[in-house]
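Work through the exercises below with the sequence and the model at hand. Each task is followed by a solution in steps.

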Amino acid sequence: MSATPDRPLVPAWLAVPDDANALADAVWPESAERDAHGELAVGGVAASVLRERFGTPLYVLDEDGVRTRAREVKAAFDAATARHGIRARVYYASKAFLSTEVVRWVTAEGLAVDVATGGELAVALAAGADPARLGLHGNNKSVAELERAVEIGIGSIVVDSMIEIERLAAVAERLGRTGEDAQSVLIRVNTGVHAETHDFLATAHEDQKFGFSLSAAVGAAERIRELPSLALVGLHCHIGSQIFGTSGFAESASRLVDLYADLLAGGDLPVLNLGGGFGIAYTSVDTPTPIHDLAEGIVDAVARECEVRGVPLPNLAFEPGRAIVGRAGVTLYEVGTVKPVTVSEDLERVYVSVDGGMSDNARPALYGAQYSARIASRASDAAPVLARVVGRHCESGDIVVDAEYLPGDITPGDLLAVPATGAYCFSLANNYNYVPRPPVVAVSGGSARVIVRGETVEDLLARDLGIPAPGSASTSASASVSTHGEESA
Ligand SMILES: *Cc1c(COP(=O)(O)O)cnc(C)c1O
């Protein structure tokens, strides 16, 4: 991260705040506010109440925030496609945050749901999602996963390789899905456009694992069209994540429409799925494109490309994940230790350690992702100091917030809130250092309820078969013998 010469420890984008208690617009959930005592509340529930009832660290999810975004995104794509007389289907990309409750919220708001594994599929089904409104992705789906998906009548499967086309065709045939009843598939196309945050690269061949190149997709389409158990309904591409602006999508769409136009010679292709990747604000300097502008820009670009080539405009599909849930999440931590660290002669930053870290938010370690933070339990007039919020794990890269100005009187026992953690935090959570994963609490209208319970140390120990059962005198060696029945018999 580049820094300015007069502030070598501070990333160039980070300014000293006028008010180190302020909750930046668009970064925090709409319902976040400071009450009369200066304490943070989300969904009408005060941070101290959340700590008392549920402990820390805690994932807090603003239900109205998720629902509002789902409605807005759907309305934006509905409006943008209606102008051209076509329809949009918006899939929630469930890998961003998946629980049965969230599936119920977004499907109630009219979204379809995207899954990428048998586990994600199981959660969506457990939530009561309509199988016909589910899509399945992934570059290496197992035969068992394909079987399950076909069996439950999944709406569409995005095929990723020639091997998978053959596997899926065999599965669908075995399950009697031929002719009218053939399994709908889309071809995942690698358009060579890859979005790096706020920018995109366009290459002839992209060196990554997903999908078919533009030229290989032609052969894939021919093969699918020969197979009686598969019905080719469209093309799919996804150019990356946390994208601002429409230029990357427009470039990718242009390439995809070239292919679409070529393939129309061999039959209908009613759907183009342009994936997700719409960016959100993680810090006050992020300025994502408003979703209505983004939707119009992308849909207009596809319409133009089709018009230029004189081909009919197909229906469109989109797969936002982060844009639906990212802003609705806030993680609450308790401050443990506070340690000023002299980095050189006259440069200091304060290391603020919290009771979570890379186990509940892997994104800073994984992607160098930037976040912001505020003291949640109180407002403070103390002058801001440059801080780095770190976790409790045995890695110096265990950073939660790389650089932030926090009130200089921050102290053990303060609650610290990190906003914009609704996407890819809970879903990437892990048990590094045998730290139990935190619960998820949904807040709305002044009430809070657990939607995913937190793990206990007992949960973690339960998988270790070397531990004697309570009350049994057996050693770990005899426990292992009794696990293998034939030896103890
Ligand atoms: C991850 C992913 C998405 C969602 O990405 P966001 O950045 O969360 O919008 C959509 N489609 C595919 C195929 C993905 O892999």
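A residue counts as buried when its relative accessible area is under 20%. The model used here is predicted.

**Exercise 1.** Decide whether Cys425 is buried or exposed, and do likewise for Cys237.

Solution. Cys425 has 0% relative accessibility, which is under 20%, so Cys425 is buried. Cys237 has 3% relative accessibility, and therefore Cys237 is buried as well.

**Exercise 2.** Find how many disulfides the structure holds, and state which cysteine sulfur is nearest to that of Cys237.

Solution. A search of the whole structure gives zero disulfides. For Cys237, the nearest cysteine sulfur belongs to Cys306, 13 Å away. A disulfide needs the two sulfur atoms within 2.5 Å. Cys237 is in no disulfide.

**Exercise 3.** Describe how helix H5 (residues 143-151) packs against helix H6 (residues 162-174).

Solution. Start with the axes: they lie 9 Å apart, at an angle of about 45°. H5 is therefore oblique to H6. The handedness of this crossing is right-handed. On the H5 side, the contact is made by Val143, Leu146, Glu147 and Val150; H6 supplies Glu164, Arg167, Leu168, Val171, Ala172 and Arg174. Sorted by class, the contact has six nonpolar and four charged residues, with no polar ones.

Key: Residues numbered from 1 in each chain as written. Predicted model: local features only at pLDDT ≥ 70, side-chain atom pairs only at ≥ 80, totals over all residues. Heavy atoms only, no water. Buried < 20%, exposed > 50% of the residue type's maximum accessible area, 1.4 Å probe, protein only. Axes fitted to C-alpha atoms, helices over the stretch in contact; angles between N-to-C directions. Helix = DSSP H or I, 4+ residues; strand = E, 2+ residues; numbered from the N terminus. Parallel < 35°, antiparallel > 145°, perpendicular 65-115°, else oblique. Left-handed = near helix turned anticlockwise from the far one by under 90°. Contact = heavy atoms within 4.5 Å. Nonpolar A, V, L, I, M, F, W, Y, C, P; charged D, E, K, R; others polar.
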